[in-house]
Every structure is written in structure tokens, then in C-alpha cells.
Amino acid sequence: MHRTVSVKQFGESDLSMNATEIRAKFLDFFEQKGHKIVASAPLVVKDDPTLMFTNAGMNQFKDYFLGNKKAENTRVTDTQKCLRVSGKHNDLEEVGIDTYHHTMFEMLGNWSFGDYFKQEAIEFAWELLTKVFELPKERLYASYFGGDVKEKMAADEEAKALWGKILPEDHILSGSKSDNFWEMGETGPCGPCSELHIDMRPQSEIDKIPGKDLVNQDHPQVIEIWNLVFIQFNRLANGTLENLPDKHVDTGMGFERLVRAIQGKTSNYDTDVFQPMIQHLATKANVSYGQNEQTDIALRVIVDHIRAITFAISDGQLPSNNGAGYVIRRILRRAVRYGFQFLDFKQPFLGELLPLLEKQFGSVFPELKSQADFIKKVITEEETGFLRTLDSGLKKIDEWISESENFAENWPKTIKENNGGGKPIFSGHNVFTLYDTFGIPKDLTLLILREKGKIVYLDKTWEEDFERNLLNQKTRSRKDAVKETGDWVVLKKSIKPTDFVGYDHLETNSNILRYRIIKQKGKDKIQVVLDKTPFYAESGGQVGDSGILVSANEKIRVIDTQKENDLIVHFVDKLPQNLDAEFESKVDSHKRLMTVNNHSATHLMHAALRQVLGKHVEQRGSLVNEKQLRFDFSHFAKLTTEEIKEIEQIVNKRIRENISLNVQANVPIKKAKELGAMALFGEKYGEFVRVITFDKNYSVELCGGTHVKATGQIGLFKIVSESSVASGIRRIEAITAEASEQLVLSQEGIMQEVKEVLKNPKDIVSAVQSVVEEKNKLTKQLEAFQKEQVQNLKADLKAKAERGDGMTRIIAKVSLPNGDALKQLAHDLKREEKGALIIIAADIAGKPQIAVAIDESLVAEKNLNAGQIVRDLAKNINGGGGGQPFFATAGGSKLEGLDDVVNQALTLV
């Protein structure tokens, strides 16, 4: 018999179980069912080319579903940090508008890898929801895959029958392929799924319309809370389905929605997951949540986005101008501009929310605590930078308005008629530029124009123009990303991962297990997987190996080696003629040698940085290849020359000591940390790790890369640059071995050349200083001479000026040393002559330039406009220009056109 729950009981706040307790109960429940609790994977994906961010709980288990790896535990459970900013209901610009979608969210899940299947998954879900969390049974609905006639896919009658033992018939709903058939991508593991939905409406509404009619209809109070995916098929590139050898269960439940249902709220944002942050911001802004739609949306946007920003940074993704970093920057800027626009936050404020996040999530996601200071500094710096950009955008609006007003009177008649008789035009292209360059969305631009009383300046087609620009941008991005991935063609089945022997050997005999062809930008890329390989796959900052595969009849070039999840993928220049042949796999030994030199030097430098700058220094990113090493680290000040010198000295001393490499494989993670091993920022480690040590009292790190046998092999270490790459992040680029030797030889050669030019002085520094001082002295003398020349020219022009009708006309062709002299001459003549109309055509070191200066009285009385005049005159020199009504300049490429400029100017006057 179903339990009857009143609207008051179900719809009112129930904080007897808070969010932290709900998460714990979920994990405890499945642990008691024999599941191992595993840690969340990082939000930022490193070894999966198909993903930028972790967007589902199953991402870290893809290799188990694909058959590339055998699961050590066949039953696992976790809470996974996820980020979605695209796809159905997940457009970034829509988050915060409704009350139940998010960018970053937690996905609670339980998995079976070839263990239990549909019956147990359904029984577990029902027991947890109705007995542990005591959700009302009569409010729950289950859907199953109802089949697809077009694709000849049968309905999931097994799931339907299993739900029939639990729920009444009218609570079991047939679903379409789009809603109830889950696929990893266009190809790969897939299967039918059952969704659990809950109806959270008042009973009075339920009496009018039953919940079954609103499931999957985007009703804000009839929502999906859990999806049970039964992975039993593999989708091939030709669209057909084949049965998987093992069947798996993958479930995902939105934590925020579950908390809402248990606490009886009508919105995710009303739960204790978000309310502490919302109330903090509301108090700061002096508003009340729930009283005004605009401020409510702003509050929801900010508390949603701060979670995405914080978790991304804690997992290693810093805001930047491309890739995943651009996504995080875009999310952060959206939060800031909502605070700026609707809550009147004109100073950085997001950092104030971090202690609340740490309090809520610190126990389950400890990286928030360990990275707290760093995260706050990055966010605050990024906010400050965007507020400056926003201010620049506001100035750009003022500039465009001013320019439009200055030139409005000279617009063609047709434009005036189309725009209300001559109002200045602010186009859709302008609006898009503000959005694309300055991060100012169109609604904020409209608000600013309205506040300035300039909303009428928008042309009639501005919105159509804006959307066209936006569509063109998205189309270009999509075209760049288009990639057709073929199915893996399996030649030899193997449940074992590729045997990597590259730590100890650069050559081995290999067989091809599988291959596939990828089409991108009109080109085919061939990928192969070997049973045994010496090729290191790009990981942890170290680039992948290249080399050759040699059989009895052919040679195949290995261009690169990458990881796809845990699969080692070799990119080759062509498909072998005989795929069954045995190949001799040979790594490019010189490239590997130079790469390992740089990798080991990176470890030595990391330790030296912490020794010189302090223990706050932590790796934030790296690139190690055969040419150089690049190392990003946390530090908030530019390194001094003395600090760089000391770091170099420490590293080179360790190199000369010829410290032997100590490798410890399969070390329990807990023991590795006890050894003092430093972990890489944003990496997820398993239960067993590889520890690389160069002197246990100096450098101990977790690392899967390749290294020198002893530090003496590195040769010479030299830092070549130090710079800032992001807020609180410094970057060092350095070289070793042959590259360092070449640098020293090059610098010695340059020094010898300088000595010879200076006639081999005993003290080269003093000799160079003497030359510089002499140059400065001569430069000042030249500037004084040129200034005197300009003054003489000015006097000559004034003497030849034509005066009359309250005007002073000066039109001339001259030669001047630089553009600044031209501007100064025009300004001086305008200032010193009453009613001045100045047009100067100048030869500037063989390049033509024009300056037009007009007294403000003539601009007003005679409707003259320097900007319009200079644009007309510039056609004679194949150039263009502009400026203000009283002063404008132009440049061009046709020097011989200066005479025509003067002639046209005389005719104009």
C-alpha cells in the first residue's frame, strides 16, 4: 500500500536531513551493498580527447565499458564533480534563469562492471529512495525504453516487467530513444535506461493533471532525479548495434535535485546547498531573495558559477583565452557582470563565497581546503582584470556614441531616413564587438544605452546583425572541431592493456591489436594500438614519443603517441600493408634522450624553486619536450635576477653531483605521501603510484614519465625566460644539454663580435656604456635641431597664411621627421592663429601623412568637419584616417599623391 503524504508534509522545508548527510547516506547505502567508494575524478579531463570537462559520473570508467581495462572492483560508488555548459538545457546563458539547471553539479552514482544488472539496479534505487530517504512512492514515476521502429530497436520489456513488480501501471511510462536510450557518443557502449521522476507539485495541481502527463515535459516541479543506464550494446560507426560481452550498470543522480526532493523545496536553489551563499550575497547587495526576478536570477547565476569556477581551478584549470580555460573565464565573467549589472557590485566579491564553499564541501573534496588561498587569489585577480575590461568596454561605448554624433550630419540621406531622421547609428556589429571582445552581453549594452538616453541610436536591424555575427562565430568554431572517428578494427582480441616497456627499452617487437581511421579537416589520420610498445604516450606534461615501426617489407613512421583514457594510441603516417606482420618498434632515441634530460631537470628545478622561494610553490602545469622545459608554478611576484641565478646554481650543482635515479613502482598512495612525494596539480592518482626520487632529501615526486639514469646526463641547465601567465602563476622556460651548449656558444660568439666592433676594449661594459651615452647625447642634439626646424617651418607657414573673413587658411606640403612633429605643428598653428583652417600634407621619411586642424568656431558656424575632410583627402594617397571634428589625421602609401592633396584642399577651401 502506497504511503499518502500531504502537500504540507511534502512541500514544506524538511532540514532534518541536510545536504552533507544526504550525500553520506547515499555512499553508505551502496557501501553496504558491496560497492567500493572511490574518489571523484578531476573536473578537468586530461587523457580523453573527446572531452574538455568531466560531464558525467561514468567518464572515469570509460575504459571498463570499452573493454580496454578490467575493473579491479566490479561494484563502485562515488559522487562526481561534473561540468556542463552545452547541450540540451545546458546553454550557459540559460543557467540561473530556471531553478533546477546548473553548470557544475554533483553526480551521485553506482556502477556494476559485469556484476549485477537490471534487477538489482532497480531494486537498489527503489530501496534507497523510498526506505532510506522516505520519498513518497505515489509521487515517483519510472520510464523505460519503449523501442524505436525506425531503427528496428526493441522495447526494454525486461525493465518494464521489473518496474511492474514495484509500481502501478500508470506510473510506468514508455520513453523515446532520445529520453531512454543512453549513448556515450556517436559510437561506443550504449544501452536502454530507466529514469526516475518525482512529482513535487501541490496535491491540488496533481488532482487536475496527473504527473504521468508531465514527465519529460520540462515542468519545473516534475523532474528527473535518477537515471539507471543498462549498458549492453556497442554502437558501430555504421549505426548498427552489437551485444557487449559483459553487461554493465551506470547510474547517475543529480545531488542537488535529490536534496531538493528530500528537503521538500520547489527549487534547487532553495536548499542548504545554495542558500548560505545566496543569503550572504543578498545581505551584501541589500536585497531579498524571492522578491525581484532580476536580482533573484543574478543571485542564482553567481552561486552556481562560483562552484564551477572554484572546482575547476582547484583541479588545475586556470582561466585563459582558449580551450577549457576560456570556458572557465567565460563562466567567471558572467557571474561578475550579473553582480555588476543587477546587484551593483563594482568591486571583486566572488572570493567572499569561498569560505562558505569550503565549509560545505571541504570534507568530501579536500582539494578546496588545500588550495583555498591560491583559488581566492586567482579568482580575485581575474575579477579585477575583468572589471577593468568592463570599464574599457563602457569607454568604447562612449567613444562610438561620440563618433556617431560627430559624423551624423554627414550621413547619406537614405541612412537618415532609415534611422529616424539622422540619429547616430549603433549597429549590431558594435553590440557583438562589445560581447566578443569585452565580455559585455547584449542586454547589458541595451541597459547602458538606455541609461545614457541613447537607446534610439540602435539601428533597426541591430539584433539581426548581432545574431548573424554570433552564428558566424559558432559556425567557424564547429567547422574547426568537426571530426569523423571510425570504429576500431580489432585484429587480435586482448583483455590485457598494452605492455609498456619504454622505461627500460627503446626497441621491442610488437603486433597490432587494433586500428582506426579518423577524418579531420579533409585528412585521414591513422591510429594503431600495439600489444607491446616502447613508445611513451603523452602524459603529465611530457610529450609522446615518435619513431618507426619496421616489418620485413615496410617502414611505418610513428608521428606521435597519445593516451585515450588508459589506451596507448600510436599515430602513424600510413596503414601497414600487412596488418598481421610483426613489427620492430623503435623510439626516436635522440628525441627521447633530450626529452628525459628536460623532464628530470624539471624535477630538480621544482625542488630548487621551493628551496629559494618557499614551500608555497606548487606545480600548476608543465610541458617537457626535446627542445625545452616549461614549468608553471604558484608564486605572486616576478622572480629577481638574483633568485633566477640562485635557482640555476642549485640545479647545476645537483647535476654535477650525478645523483642516481631511484624509481619505486606500485607504491601505495598513502606510503608515497609519507615519503614526502609531491603530487601534480589537478591529477587523479590511483591506489598505487610511481615515485621518482633524486636524493630523498631533495626531490621526491609522483610521476609516470621517463627520466635520466643519473643527473650528470643532463649536462648544463639554463633558464631562458621567466614571465606571468595568469593571476598568481609564473612560468619558467629552460633548456638543458645540447640546447644549453648551443646557447652558451652563441652568446660567446655575440660577445666576440661586440668586442671586435668596439676595438677589443679591456673593459667591455664601460665601452658599451660610453657608446650608449654618446648615442643619447647625439639623439638630444638631433631632437633639438628638428624642433628648431619645425619652429622655422611654422614661422614660414604663418607668414604665407591667407587671412580674411575671420579665417586663417594654411594649406601646404612639407617634409617632417616624424608623425608627432606633424601633429604638434598642426596643433600649434591652430592654437596660435584665430579662426584657423590648417591642412598639411607631409612627407614623413618617405611616407605620406595628412593633418587637418579646424578652429572650434568654424566647426560650429560653418559646419566643417576635420574627420570628413581628411578621409576625402586621403584617397589621393591611397589611405584613410579619421578623428574629431576639429582635428584629424590620415596616412597612406602613395607619396606622389601629396601634391593632389594640396590641390584638392585649395579647391575645397
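Where is Asp805 found? In this predicted model, Asp805 sits in the loop between β28 (802-804) and β29 (807-816). The legends below start with that loop.

**Figure 1. Two residues with positive phi, Asp805 and Asn658.**
Asp805 is not a glycine, yet its phi is positive, at about 55°. The residue is exposed, with a relative accessible area of 72%, which is over the 50% needed for that class. Asn658 likewise is not a glycine and has a positive phi of about 55°. Its place is the loop between α20 (641-656) and β23 (662-668). With a relative accessible area of 42%, Asn658 is partly exposed.

**Figure 2. The salt bridge between Arg516 and Glu564.**
The two side chains meet at 2.4 Å, N to O. Arg516 belongs to strand β14 (residues 512-520) and Glu564 to strand β18 (residues 555-564), so the pair ties together parts that are 48 residues apart in sequence. Both partners fall under the 20% limit for buried residues: Arg516 has 8% relative accessibility, and Glu564 has 14%.

**Figure 3. The salt bridge between Arg731 and Asp632.**
Here the distance from N to O is 2.7 Å. The pair links distant parts of the chain, with Arg731 in strand β27 (residues 729-736) and Asp632 in strand β22 (residues 629-634), 99 residues apart. Asp632 counts as buried, at 10% relative accessibility.

**Figure 4. The salt bridge between Lys284 and Glu352.**
The side chains of Lys284 and Glu352 meet at 3.0 Å, N to O. The pair links distant parts of the chain: Lys284 is in helix α9 (residues 275-285), while Glu352 is in the loop between α11 (323-342) and α12 (354-361), 68 residues apart. Lys284 is partly exposed, at 40% relative accessibility. Glu352 is also partly exposed, with a relative accessible area of 32%.

**Figure 5. A salt-bridge network around Lys794, Lys798, Asp828, Arg831 and Glu832.**
Side chains of opposite charge can pair when their charged atoms come close. In this view, salt bridges that share partners join the five named residues into one network. The count of salt bridges for the model comes to 41.

**Figure 6. The two sides of helix α12.**
Leu354, Leu357, Gln360 and Phe361 are buried in α12. They cover an arc of only 125° around the axis, which puts them on the same side of the helix. Pro355 and Lys359 are exposed on the other side of α12.

**Figure 7. The largest nonpolar core, seen around Ile379.**
This core has 109 residues. Those with the most contacts inside it are Phe26, Leu129, Phe133, Trp163, Trp226, Leu350 and Ile379. Helix α10 (residues 293-314) supplies the largest share of the core, 12 residues. Leaving aside neighbours within four places in sequence, Ile379 is in contact with Ile306, Ile309, Thr310, Ile313, Leu332, Leu350, Gly351 and Leu354. Leu354 in that list is also one of the buried residues of α12.

**Figure 8. A separate nonpolar core of 30 residues.**

Ser600 is buried, with a relative accessible area of 0%. Which residues is Ser600 in contact with, leaving aside its neighbours within four places in sequence? The contacts are with Phe694, His707, Val708 and Ile714.

**Figure 9. A nonpolar patch on the surface, formed by Ile750, Val754, Val768 and Val772.**
Together the four residues have about 290 Å² of accessible area. At least two residues of the patch come from each of α22 (737-757) and α23 (764-799). Val768 is in helix α23. With 36% relative accessibility, Val768 counts as partly exposed.

Key. Residues numbered from 1 in each chain as written. Predicted model: local features only at pLDDT ≥ 70, side-chain atom pairs only at ≥ 80, totals over all residues. Heavy atoms only, no water. Helix = DSSP H or I, 4+ residues; strand = E, 2+ residues; numbered from the N terminus. Buried < 20%, exposed > 50% of the residue type's maximum accessible area, 1.4 Å probe, protein only. Arc of directions from axis to C-beta. Core = buried A, V, L, I, M, F, W, Y, C linked by side-chain atoms within 4.5 Å. Contact = heavy atoms within 4.5 Å. Patch = residues over 30% accessible without salt bridge, like charges linked within 9 Å, V, L, I, M, F, W, Y side chains within 5 Å. Areas by Shrake-Rupley, 256 points an atom, 1.4 Å probe, with all protein chains shown as cover.
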